[in-house]
Number of protein chains: 2
Amino acid sequence: MQPRSHFEALDAADPLAGLRQQFSLPPGVIYLDGNSLGVLPTRTAARIAGVVSHEWGEGLIRSWNSAGWIDLAARIGDKIATLIGAGPGEVVAADSTSVNLFKVLAAALRIARENDAQRTEIVSELGNFPTDLYIAQGLADLTGGAVTLKMVEREDILKTLSPRTAVLMLTHVNYKTGAMWDMPAVTQAAHDAGALMLWDLAHSAGAVPVDLRAAGADFAVGCGYKYLNGGPGAPAFVWAHAQHVERFWQPLSGWLGHAAPFAFTPDYQPATGIARYVCGTPPVLSMAALECGVDTVLAAEPLGGLAALRAKSMTLTDAFVAQVEARCAGMGLTLASPRDATLRGSQICFAHANAYEVMQALIARGVIGDFRAPDILRFGFTPLYTQHADVFDAVEHLHAVLSTGEWRDARYAKRNAVT
Amino acid sequence: MQPRSHFEALDAADPLAGLRQQFSLPPGVIYLDGNSLGVLPTRTAARIAGVVSHEWGEGLIRSWNSAGWIDLAARIGDKIATLIGAGPGEVVAADSTSVNLFKVLAAALRIARENDAQRTEIVSELGNFPTDLYIAQGLADLTGGAVTLKMVEREDILKTLSPRTAVLMLTHVNYKTGAMWDMPAVTQAAHDAGALMLWDLAHSAGAVPVDLRAAGADFAVGCGYKYLNGGPGAPAFVWAHAQHVERFWQPLSGWLGHAAPFAFTPDYQPATGIARYVCGTPPVLSMAALECGVDTVLAAEPLGGLAALRAKSMTLTDAFVAQVEARCAGMGLTLASPRDATLRGSQICFAHANAYEVMQALIARGVIGDFRAPDILRFGFTPLYTQHADVFDAVEHLHAVLSTGEWRDARYAKRNAVT
């Protein structure tokens, strides 16, 4: 157990501490939920006001060209590409993670089946974030059973790969526990089994170093509103390896993915490269906010970028585990994330029999994390804005909630929560 | 040909004239492109600033509940429902028109094929807005040819319906000419042929009275950023008739369409009703702007609603045709929209051999319409904010551009335009 002065000293010595100035953190809040919704960047309000009043209000339709709206998908995609080991022109920002997953899953299945008609199975983890599983089920259902989804426990994933596996679809960092797959090793295992590898980077992009090309991955999607700080429901992103991207269309072949959208020809001809993964007209306000969010991560580049952010994240999460286990010993908390920082993302989870009520009591105190059914307290650490002192303060609140039985208050009784 | 005083008198007598005060129209602009991108409502800037700074910045993740973000899809959907003859709980705002079209087209095809395995054909119009055709092609491609798209000329649509037709997919008001289908009659013809009827209301919602239920339609989608004034790339909407909506899933079965999204169970169970047509997390900033836009249309309700807006629209468009044909006679313009106002939406198109350059010259003068390949000048009239005097002024500019040859200026040479 460390005193607050220990954490204050870490903050004073933190070369990334200044990055926090990029954010509008509300007073009285210790925000440990950037893996659900990243904090508002200070630059965003002015940018959005400008998009609304100047670009839309004055520029009107002309702003598609004059304000570069038409380029947003590619421009933001190129920025995100630098954070995930993709090249320029390989990523677009578009739609939701779920919709993008449908695109790449359909593409991956088609490639796999064309290469080998026996490969009709999507393999994923039962504990994957549900939308990934639901989208795979929707696609399987649409094929009338020609494609199937096989969901197995995490520890059985690699042994489940078989000559029937078309694509292995995994989320790099598990949303509930923070456990992180070894991307190069798992990708290699998928390839060794003759399957394609599709990564969901929802809890990775902007939080941990990712190198999709070095890992040899085939497809990836990810989320704009978590560690990329793009705002509530920010558009997502999608990547396809250069060897796959132009092999054929993805099925959500909307007009802005056409080679010549303004020719208005009746036959679809896909754009070159990842541009064909754009579907309809993008929500410009939300896209602009996403760009502001991505820029907050890019601002760490001169300070060491994701490697430096990752180092700080590991310090923060290690410190949180140690402080909780010391300060709250015997209070019913069990670490539910990997103890080894290299095996997890930027979050820490503890199980507790009354996790829901405990989290509600914490939130009432301004310590904002998440509850995840059935018994998980989830705390996200965004190294761009989370301070070491936050670790100390959050644990003090947790101790108070548990030691006083504050969580038993009727105000904290169970109802649905939202990520 | 009428003098400006004639139009000024019409404005003075217009009971809807006050609705224009809802909008931030830039000075020096005559905006006849609300069918591409509706004008900024004055209320939107403050609403979005509040969503950004207060709801996101201060409320953070809590705003999903406390600010009602989780209800936006249904709440905005209910508002739109009143404009298109749908009931409460029958419409959601979500995704793009293209993505929503994929959902309902997949659903319609499945119903049709389950009823009759021979019905595997989507019938649509060659001149439909291309994204509708492209999405149908993407879906057909995904099925490996089990489903096909048959595109025919407008005049051949009804005679093309056959025992192979699964679904007739049409855009109610044609994006290029403004020609409007007789929704009840065409829907009946589709049903008489045993097909389902899917309407794209992109150029209808908020512009012309639509009564989906009275027409007996099966599915509909529509756009948020045209006559609904929801802002650039605003989310779209989707409707399914109550008899179809729960028959099975739509294939983009994302987590927010689940019956219990926060239970995080691995198996998809669709929500009741149209809520299952929600897929991923909605872009909240753009959703909030959409709601502000829809509210500008609802503000016409006490003044007669869409019937009154439609009457004004017909007056405006009839006046524009008459004024152009009188003032610009012999200048190479040919009406490309139906002359009968009851057969068209809220736009007027003229063909001109140098339409591109003419439109560029008009835009340079602040008269903003659209060029549509190969030779169409498109002018949209949004009765919420377009004045009768705008008709006079726009025609004066058009006359000046044509009579002086101003459009021949090199500045107006051809490049791509954007809708």
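This is a predicted model: local features need pLDDT of at least 70, side-chain atom pairs count only at pLDDT 80 or more; totals for chains, interfaces and linings use all residues.
You'll find Asp95(B) in the loop between β2 (91-94) and α5 (97-115) of chain B. Its phi is positive, about 50°, even though Asp95(B) isn't a glycine.

Over in chain A, Leu60(A) also has a positive phi, near 50°, and isn't a glycine. Leu60(A) sits in the loop between α2 (42-59) and α3 (63-66), and is buried with a relative accessible area of 0%. For context, most residues other than glycine have a negative phi, and most peptide bonds are trans.

## Cis peptide bonds

Ala373(A) and Pro374(A) are joined by a cis peptide bond, with omega about 0°. Pro374(A) belongs to the loop between β12 (370-372) and β13 (376-380) of chain A.

Chain B has a cis bond too, linking Ala373(B) to Pro374(B), again with omega about 0°. Here Pro374(B) is in the loop between β12 (370-372) and β13 (376-380) of chain B.

Searching the whole structure turns up 0 disulfides. Take Cys349(A): its closest cysteine sulfur, in Cys328(A), is 15 Å away, so that's too far for a bond. In chain B, the sulfur of Cys349(B) is likewise 15 Å from its closest cysteine sulfur, in Cys328(B), too far for a bond. Cys349(A) is buried at 0% relative accessible area, and Cys349(B) is buried at 0% as well.

## Around Arg43(B)

Arg43(B) is part of helix α2 (residues 42-59) of chain B and is partly exposed, at 33% relative accessibility. Leaving aside residues up to four places away in sequence, Arg43(B) touches Gln22(B), Cys292(B), Asp295(B) and Thr296(B). Gln22(B) is 21 residues away along the chain, yet the two C-alpha atoms of Arg43(B) and Gln22(B) are separated by 7.3 Å.

How values were computed: Residues are numbered from 1 along each chain as its sequence is written. Chains are lettered from A and ligands numbered from 1 in the order in which they are written. Side-chain values use heavy atoms; hydrogens and water are left out. A disulfide is a pair of cysteine sulfur atoms within 2.5 Å. Buried means under 20% relative accessible area, exposed over 50%, partly exposed in between (1.4 Å probe, protein chains only). Helices (H or I, at least four residues) and strands (E, at least two) are DSSP runs, numbered from the N terminus. Contact means heavy atoms within 4.5 Å.
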